Structure formats: structure tokens, C-alpha cells
Amino acid sequence: MERLQVLHGGSMRVRDESGQMLVVTALSLTVLMGFLAVAIDVGLMFRARRTMQIAADAAAMAGATQLFYGPASQVQSAAYAAAKINGVDHTVAGNTVRVSTPPADGPNTGCLSCVEVQVGTPNPTFFMGLITGSTSLTVAARAVAGAPSTGQACVYIMSPSAQKALQIHGSGAILMQDCGVYVNSNASNALCVTGSASKSTFPWIEVVGSQPSNGNCGGNLNQTSSIDLNSAVQSNPLGNITGPVPDANGNCSGTGTTTDKTTTLINGSYNSTGGGTVCFTKAIELASGASLGDGLYVFENGLTIDSGTVTVGTTTNGATLDVYGGTYNQSTSSSLTIYAPTSGTYNGIAVMQPASNTNDMQVSFGSSTAVFDGMIYAPGAYVTLHDEGGGGVSATGVVASTMYVNGSLNIENYSDFGNNKYTTPFRLITMIE
């Protein structure tokens, strides 16, 4: 025990200072415990925030999917159900689940194909209440999902400046119920309708350039189709997809890839077990009775589909015809049935011609019994869709540099895509915010 003697008025007084460190230590521990308590509560709030974000993301995706496939009247109920599964039940007092279509806030305000969801729920605080007086804090999160545009296009004409980028002949027609047409060309006659293409039925068409008000290109579409001129430029929805690139000797590399340097004519079953990639170095003719199994077929020097029945792919995995070089020629008397892949790089693509191949492509359809279940992807080509008195050219989408429609182009209803009902890239829903 330490004592201090002080001389005061001739007398001696003693002051006891024992126990000071104990008091300081107790005060310091109190402060440290306060910081620890706050840290625990903050950590719990961060954990609750992650949980809320998961619920918001799930609800937005569920709502956007419902909006895309319909009916739109069930968007809110779909979002509510997804939020509830992830721990935020809107019927519980204190919880909030706000669904907005289109989004009310953020950069995608007004996006007609987007769904915004805001969720929140009160979370108890164990220690911060001693400081703030509040026993709970509301933790919230927000998410937006959908296709970031004013609608869903399934025909994209990508040339930035071509005249008559999309030409619809008077007897031709584009038949779609749930998706529209986009034309990237800024030319004054980017859209050219010759005569009256009144049989065309699609909800909207967006054109970066314009359509002449009269003359050879000043024809009329169906009055139910909304024409938006001077629209914004859009990018290729599928990017620059390319297949295997042959080397100087025509060989294609890659796992599961073979190079066929001898075949020129196929009139029976080829690759019947399906799977893998086959690169043909010579020009190939698919004659009547030809049947190709599932897989990717790369044609380095062109492909001709002769008259008669030709089948490509199955509903199991599907197949893609990749015209790497040369031209794609299809007889007007042919009957081509093709099923595109339902997953992977070439998901939903039945016939493709990479942007590097700018040769014209003519797709004919002369039989109403044939099935074209997939899309045409030829971003560098002038594509002619020709109907020789059959059921029209049916596909799930088209991406072309320019396109001429002479006959009926049937883009199936989103609910009737068949093998690609839930997988075509034009229908994928993504998180946007």
C-alpha cells in the first residue's frame, strides 16, 4: 500500500491511492465490451443483408420469368412465392416485398420487360439497443431482372448502314405473336416493304434508320404492328459466336472433334450415335434420305441440301449446321427437319454462318411437314427466306446482316418453341441490377 505524506499547517496527513488501476481496468473493459457488442450486431446485420439480397434476387428472377412467359397478371404472386421460400413472407407483419413492373427506380426505369423487387424485414439487435434505444433494425435489399429492352425481339437485322436491310415482299409475311423485329441499319430506307405485307403479324419493329413514306419501299405492314423509327442502336444478342477454326490443312482441333477429308455426299445415316464435332473439308451434299445425328457439323467449303427429306439432330441433344466457308444452298423442293441443341455454346442455333462468312444464304421451306426447331444465325450474310408453297419458313429466331422475306416467316409463339421451349438464348432471363 502506497501512502503519501503531506505537510500541512504543521501536521502530517496521509492519502490512500490504492485501487486506481482496478477502476481504470473496469472502465476499459466496459468500453471494449461495448465495441465487441456493436461488432456482433453489425456482423449479424451484414449476414441478414446477404439473406435479403438472395431473397430479392430470387423474387426478381421469378417475377421476370413469369412476365416473359405470361400471364403477366401473375408476376406479383410469383415474386411473392420466391421471396417467401427465401425467408421473406410478405404476409408477416413487418416484412415488405414490393414488386414493380416496370422498375420504379434505377437505370432500367421504364423497362417493360423488367421486374424490380424490394424486400425488407426487421432484425433484432442484441446490444445496440442499449446505445440507440432501438431493439431492431430493418434490413432491405433490391434487385432487377429481365431483358433490358422495351420488348423481346427474335429477329435481329444487324447491318449498320445497309439500304433495304430488311425487305418484305408484298406476298411475304413475318408471323409472330410474342416478339418483335429489330433493324440496326441507319439508312433512310432501312425498312423496305414492297406492296402491302398486310399478312404480317408481330407486335412491334424498331428501326435505327427509317422507311420511305412512298415509292417501292413505302408499302404497309399490318396495322397492328407498331413501327418505331430512329431507334437506338443495339448489339448482336448472341455476340460473335464462331465454331472451330480449321488450320491450313483443314484440320479442326478440340476435344471430341474429327476432320472428314473424303466425304462429299451423304444420302444415309451419318454419325448416327450423335455427339462431338465433325469438320468437312470438302463441299458436302445432303441428298434425300440423309440423316445426321446430334452434334456440331462444320462445313469448310459449303453445304447443299438437295431435294427430298433430310433430318438433322434429334430432340435428345440437337445439332447445328455451321457453314464456316462456302455457301449454304437449299433446294426449294427439300424437306429439312432440324432440331437445334438445347444447351452449350450453340444453344438454340440450328443453322449458323459466322460473321466471317459473308456469302448469301437462302433458306427454303417447301414442306409443311418439316420441323425447323431452332434459329438461323448469320450476322454477316444476306439471308433470303423463300417459301415454295409449303408451310413457310419456321424458326425460333433469326440474326442476319440483311434479310429478304419472300413467303411466310413463322416465329413460333414463345410457349410453342418445342425442343427449345425453355432454352433459346432470346428467352434467357438475367439479373440486371
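Figure 1. Strands pair here if DSSP finds at least two bridges between them. Strands are DSSP runs of E with at least two residues, helices are runs of H or I with at least four, and both are numbered from the N terminus. Strand 16 meets strand 19 (residues 291-292) in the parallel sense, over two bridges. Ser-269 has Ser-291 of strand 19 as its bridge partner.

This is a predicted model: local features need pLDDT of at least 70, side-chain atom pairs count only at pLDDT 80 or more, and totals for chains, interfaces and linings use all residues. Residues are numbered from 1 along each chain as its sequence is written, and side-chain values use heavy atoms, with hydrogens and water left out.

Figure 2. Leu-292 belongs to strand 19. Its relative accessible area is 1%, so Leu-292 counts as buried. Buried means under 20% relative accessible area, exposed over 50%, and partly exposed in between (1.4 Å probe, protein chains only). Beyond residues up to four places away in sequence, Leu-292 touches Ile-266, Tyr-270, Leu-286, Tyr-297, Thr-311, Val-312, Gly-313 and Leu-321. Contact means heavy atoms within 4.5 Å. Leu-292 and Val-312 are 20 residues apart along the chain, with their C-alpha atoms separated by 4.7 Å.

**Figure 3. Tyr-270 and Phe-280 form a tilted aromatic pair.** The structure holds three aromatic pairs. Rings of Phe, Tyr and Trp (its six-membered ring) pair if their centres lie within 6.5 Å; planes under 30 degrees apart count as stacked, over 60 as edge-to-face and the rest as tilted. The ring centres of Tyr-270 and Phe-280 are 5.4 Å apart with planes at 50°, so this pair is tilted. Tyr-270 sits in strand 16 (residues 269-270) and Phe-280 in strand 17 (residues 277-280), so the pair ties together parts ten residues apart in sequence. Tyr-270 counts as buried at 19% relative accessibility. Phe-280 is buried too, at 0%.

**Figure 4. Phe-280 also stacks with Phe-299.** The two rings lie 5.3 Å centre to centre, with 10° between the planes, and the pair is stacked. Phe-280 is in strand 17 and Phe-299 in strand 20 (residues 295-299), so this pair ties together parts 19 residues apart in sequence. Phe-299 is buried, with a relative accessible area of 0%. Tyr-270, Phe-280 and Phe-299 form one aromatic cluster.

**Figure 5. A disulfide joins Cys-192 to Cys-217**. The structure holds two disulfides, each a pair of cysteine sulfur atoms within 2.5 Å. In this one, the S to S distance is 2.1 Å. The torsion about the S-S bond is about -80°, so the disulfide of Cys-192 and Cys-217 is left-handed. Cys-192 lies in strand 10 (residues 191-197), and Cys-217 in the loop between strand 11 (204-207) and strand 12 (218-221). The link connects distant parts of the chain, 25 residues apart. Both Cys-192 and Cys-217 are buried.

**Figure 6. Cys-252 and Cys-279 form a disulfide**. Their sulfur atoms are 2.2 Å apart. The link of Cys-252 and Cys-279 is left-handed, with -100° about the S-S bond. Cys-252 is in the loop between strand 13 (226-228) and strand 14 (257-260), and Cys-279 is in strand 17, so the pair ties together parts 27 residues apart in sequence. Cys-252 is buried at 9% relative accessible area. Cys-279 is buried at 0%.

**Figure 7. Helix 2 has buried residues and is followed by a glycine**. Helix 2 spans residues 75-85. Its buried residues are Val-75, Ala-78, Ala-79, Tyr-80, Ala-82 and Ala-83. An α-helix has 3.6 residues a turn, so residues three or four places apart point the same way. Gly-87 follows helix 2, and its phi is positive, near 100°.

**Figure 8. The whole chain, for context.** The chain has three helices and 33 strands. Of its 433 residues, 48% are buried. Among contacts with a separation of 6 or more, 56% come from residues 24 or more positions apart. The chain exposes about 19,900 Å², and carbon and sulfur atoms supply 53% of it. Accessible areas come from the Shrake-Rupley method with a 1.4 Å probe; for residues, only the protein chains shown count as cover.
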